[in-house]
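Dear colleague,

Please find the structure below, together with its sequence. My notes on what was found in it follow directly after.

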Amino acid sequence: MKTVGLITEYNPFHNGHLYHIEKTKEVTKADYIVVIMSGDFVQRGVPAMMNKYVRTEMALRCGADLVLELAVCYATGSAEYFASGAIAALDHLNVIDELCFGSECGNIDLLTSIAQVLVREPEDFKHFLKEQLQWGLSFPSARSKALLDYFSLHDFGYEKQELEKVLHHPNNILGIEYIKALLKRDSTIKPVTINRTISGYHETSLKDSISSATAIRQHLMEFNQVSSLEAQIPRKVLPILLREYGKSFPIWEDDISSILNYKLLLEQEHGYSDFLDVSTALHHRIMNHLYDFTTYSDFVKRMSSKQFTTTRIQRSLLHILLDIKHKDMEEAIKNDYILYHRVLGFRKNSTELLSHIKKNSDLPLVTKVASSKNLLNPYAHSMLEKDLKASHIYHTMVTRKYNAPPYNAYRQSMIMI
């Protein structure tokens, strides 16, 4: 039995994601596909367009066999934390043979070479990184330039232009982080990459059939019509979108405005530096702009600078809202990142996979939140409660916007198809 892992957000699920699943099965000859998916908030530091159970149903109907939730502290973290948490989740299952991810370059050897440098951190590389940081660059930019300098100094057989192109694209960067995490864990999981087709990650205009999630979200925001996305969405997904539209989705960035403003005001007395991704300098920047708050998006624009990227600010604000602190991440890392597997849904014909996981995994499977206290130690349960709190905050927005029924995570059932 061959099992392959995917790390995803599916925000929303589109033709490119269907291609990824189908191509993964073709390339790896996988019997089962296990998906690690972000919950109700995603890595850009914003709420997901639709809730995690709707996205789980889409994934299962399009070929995934099991969907597990990535804990919120990783789902909303930097690329390194996102990758480390997701890889730890796959590794602890003890049934995953390969990890398959999309990348713009499609060159697993090149991505692995870069990852190896970042794991080893040779002295030359550290010197170049320190030098770039002293110029005042953000860490991601400084690291990219340091890698280019290091690869130029040591001839790895790659052209500088090729490396620049690789380090410019977000899926390449995330793939490098996946490989880094596998190397650090000395994992037996083999990384495999598939070329992204047609549309780039940040492209905002629709293509003929495979468009980026960014373009699809932008189109829906502008035209407010699901049916116009028919060419971009798998046939099995469109009915789900039509069913949920105007009832539970779409949730946009500015839907978070009121509750975030309240949280910022509530925390100002104690300050923001304890929250993940919030430095002392960023704390002062928030304080300086606090009374200029009108909407989430406007506040992010006011806060953005050369020192702080938009995504860094968005993640920081989300960590304040969700009460995710530096100490939470430090404690999670001490406990090897993952302490349970939260099942969001599975295919009924995948019972062999579930049995295999129960037999081999060194962590408990949480299928019913109401029974989780009997399965988890106190710290693991406190970590799960962070996820539950995030979901309740998310559904507060859904209830307010669409007059939807109140949400109770303790009564929510898994999705079974």
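The largest nonpolar core of this predicted model has 143 residues, and those with the most contacts inside it are Tyr74, Ile114 and Leu264. A nonpolar core is here a set of buried Ala, Val, Leu, Ile, Met, Phe, Trp, Tyr and Cys residues joined through side-chain atoms within 4.5 Å. Helix α19 (residues 378-402) gives the most to this core, with ten residues. In soluble globular proteins, nonpolar side chains tend to be buried together. Contact (heavy atoms within 4.5 Å) links Tyr74 to Tyr81, Phe82, Gly85, Met329, Ala332, Tyr337, Ile338 and Met383, once its neighbours within four places in sequence are left aside.

As to conventions, residues are numbered from 1 along each chain as its sequence is written, and side-chain values use heavy atoms, with hydrogens and water left out. Since this is a predicted model, local features need pLDDT of at least 70 and side-chain atom pairs count only at pLDDT 80 or more, while totals for chains, interfaces and linings use all residues. Helices (H or I, at least four residues) and strands (E, at least two) are DSSP runs, numbered from the N terminus.

Cavities

The structure holds three cavities of 30 Å³ or more. A cavity is a set of points on a 1 Å grid over the protein atoms alone where a 1.4 Å probe fits but cannot get out, and lining residues have an atom within 4 Å of a point. Grid points are joined across faces, edges and corners, and a volume is the space filled by probe spheres set on the points.

The largest cavity holds about 70 Å³ of space. Its lining consists of Leu68, Glu69, Ala71, Ala89, Ile338, Leu339, Tyr340, His341, Arg342 and Met383. Strands β5 (66-70) and β8 (341-346) are the elements that give two or more residues to this lining. By class, the lining has seven nonpolar, one polar and two charged residues; Ala, Val, Leu, Ile, Met, Phe, Trp, Tyr, Cys and Pro count as nonpolar, Asp, Glu, Lys and Arg as charged, and the others, Gly among them, as polar.

The second largest cavity has a volume of about 50 Å³. Among the residues that line this cavity are Tyr53, Arg342, Val343, Lys368 and Met414. Its lining has six nonpolar, two polar and two charged residues.

Backbone geometry

Two cis peptide bonds deserve mention. The bond from Asn11 to Pro12 is cis, with omega near 0°, and Pro12 sits in the loop between β1 (3-8) and α1 (15-28). The bond from Phe249 to Pro250 is also cis, with omega near 5°; Pro250 is in the loop between α11 (238-244) and α12 (257-267).

Asp336, although not a glycine, has a positive phi of about 60°, and Tyr337, likewise not a glycine, has one of about 70°. Asp336 is partly exposed, with a relative accessible area of 30%, whereas Tyr337 is buried, at 16%; buried means under 20%, exposed over 50%, and partly exposed in between (1.4 Å probe, protein chains only). Most residues other than glycine have a negative phi, and most peptide bonds are trans.

Cysteines

The structure holds zero disulfides (pairs of cysteine sulfur atoms within 2.5 Å). For Cys105, the nearest cysteine sulfur, that of Cys100, is 13 Å away.

Kind regards

Note on methods: 1 Å grid on protein atoms, 1.4 Å probe; cavity = no way out; pocket = protein on both sides within 12 Å on 5 of 7 lines; lining within 4 Å.
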